[in-house]
Amino acid sequence: MKIIVKRVACVLLVFTLFLNCTPKKSQYTVKVFEVENGWGYSIFKQNKLIIRQQYIPSISSQKHFKSEKDAQTIGALVVKKLKLHKIPSITFQELENNISL
């Protein structure tokens, strides 16, 4: 009986280790979209929309991203913060460091 319990415990341990070591697909995705005079981005968590940002955050006026690449860059930065369990806000300094304003 003790041998069976030990074997079951070993199998469960190996299975648990396997699951923890298997790379997991990111639960967040960024999709950029075109608006009238520029670009914006959406962030999805497991295919559910959680953020839709059509204007550049952290600036006083409502301006769209100038390029698809800029929207993708800032969207990816937001996803990085979400994965680190940080507040997904973007500072003006982060904008200046990552895109042309």
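This is a predicted model: local features need pLDDT of at least 70, side-chain atom pairs count only at pLDDT 80 or more; totals for chains, interfaces and linings use all residues.
Of the 101 residues in the chain, 26% are buried. The accessible surface amounts to about 7,800 Å², and carbon and sulfur atoms contribute 59% of that area. Where contacts link residues at least 6 apart in sequence, 44% of them join residues at least 24 apart.

A search of the whole structure returns 1 aromatic pair. The partners are Tyr41 and Phe65; their ring centres lie 5.8 Å apart and their planes meet at 50°, so the arrangement is classed as tilted. Tyr41 belongs to strand β2 (residues 38-45), whereas Phe65 sits in the loop between β3 (48-53) and α2 (68-83), so the pair ties together parts 24 residues apart in sequence. Both partners are buried: Tyr41 has a relative accessible area of 2%, and Phe65 has a relative accessibility of 0%.

Aromatic rings also take part in arrangements with charged side chains. Lys31 is placed over the face of Phe44, and Arg52 over the face of Phe33. The table lists the corresponding distances.

| Charged residue | Ring | Distance from the ring centre |
|---|---|---|
| Lys31 | Phe44 | 5.1 Å |
| Arg52 | Phe33 | 3.9 Å |

Terms used
Residues are numbered from 1 along each chain as its sequence is written. Side-chain values use heavy atoms; hydrogens and water are left out. Buried means under 20% relative accessible area, exposed over 50%, partly exposed in between (1.4 Å probe, protein chains only). Contact means heavy atoms within 4.5 Å. Accessible areas come from the Shrake-Rupley method with a 1.4 Å probe; for residues, only the protein chains shown count as cover. Rings of Phe, Tyr and Trp (its six-membered ring) pair if their centres lie within 6.5 Å; planes under 30 degrees apart count as stacked, over 60 as edge-to-face and the rest as tilted. Helices (H or I, at least four residues) and strands (E, at least two) are DSSP runs, numbered from the N terminus. A charge sits over a ring if NZ of Lys or CZ of Arg is within 6 Å of the ring centre and within 35 degrees of the ring normal.
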